[in-house]
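This report describes one protein model for a reader who has not seen it before. The sequence and structure come first, and the description follows.

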Amino acid sequence: MDVVLTAAVLLERLRAEQATILRRHQIRNGTDVLHESTGGDEADDAQVATATFFRESENAADRGRLTLIQDAIARIEADPEQFDGCQAENCLGNGHIEHERLGILPWAKLCCACAAAQQRH
């Protein structure tokens, strides 16, 4: 059975994703590898550097998504009736983000037409 997408449903999904990202961040940084040399050979140092690079990249990606999620939560809480409103200045669609799109990207700011136009530029 399909769930009807409402502001409340979208908020629930956004908050669940937010909690998942925060838990992942805590786990990732709680099991942190050393930032410094291990005192081993160059291969050990390279392994630590590689692990640090990937952890920092993952943290940056999570921070970006978390910002999008927090912005979406704020938009919905400010005006629940417009939870699906396209944020483009001059929307190329009907002014609403498709519910299918919000089901996949609950933090989406743009409808499909505006997102596609933005990617072309």
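What does the accessible surface of the protein come to, and what percentage belongs to carbon and sulfur atoms? The accessible surface is about 8200 Å², and 54% of this belongs to carbon and sulfur atoms. Such areas come from the Shrake-Rupley method with a 1.4 Å probe, and for residues only the protein chains shown count as cover.

The model is predicted: local features need pLDDT of at least 70, side-chain atom pairs count only at pLDDT 80 or more, and totals for chains, interfaces and linings use all residues. Residues are numbered from 1 along each chain as its sequence is written, and side-chain values use heavy atoms, with hydrogens and water left out.

**Fold and core**

The protein has four helices and zero strands, in the order α-α-α-α along the sequence. Helices (H or I, at least four residues) and strands (E, at least two) are DSSP runs, numbered from the N terminus. Of the 121 residues, 27% are buried; buried means under 20% relative accessible area, exposed over 50%, and partly exposed in between (1.4 Å probe, protein chains only). With contact taken as heavy atoms within 4.5 Å, residues 24 or more positions apart account for 51% of the contacts with a separation of 6 or more.

In soluble globular proteins, nonpolar side chains tend to be buried together. Here the largest nonpolar core has 22 residues, and L10, L14, I76, F83 and L102 have the most contacts inside it. At least two core residues come from each of α1 (7-30), α2 (42-78) and α4 (112-120), and α1 gives the most, with six. A nonpolar core is a set of buried Ala, Val, Leu, Ile, Met, Phe, Trp, Tyr and Cys residues joined through side-chain atoms within 4.5 Å. Not counting residues up to four places away in sequence, L10 touches L5, I76, F83, L102 and P106.

**Pocket and cavity**

Rolling a probe the size of a water molecule over the atoms shows where empty space is left. On a 1 Å grid over the protein atoms alone, a cavity is a set of points where a 1.4 Å probe fits but cannot get out, and a pocket is an open set with protein on both sides within 12 Å along at least five of seven lines; lining residues have an atom within 4 Å of a point. Grid points are joined across faces, edges and corners, and a volume is the space filled by probe spheres set on the points.

| Space | Volume | Helix with the largest share of the lining |
|---|---|---|
| Largest pocket | about 240 Å³ | α4, three residues |
| Largest cavity | about 50 Å³ | α2, three residues |

The pocket is lined by 13 residues, with R101, K109, L110, C114 and Q118 nearest its centre. The structure holds one cavity of 30 Å³ or more. Among the residues lining the largest cavity are L10, I76, F83, L102 and P106.

**Two residues**

L110 is found in the loop between α3 (99-104) and α4. L110 counts as buried because its relative accessible area is 15%. Leaving aside neighbours within four places in sequence, L110 is in contact with C86, Q87, A88, I97, R101, A115 and Q118.

E58 lies in helix α2 and is partly exposed, at 40% relative accessibility.
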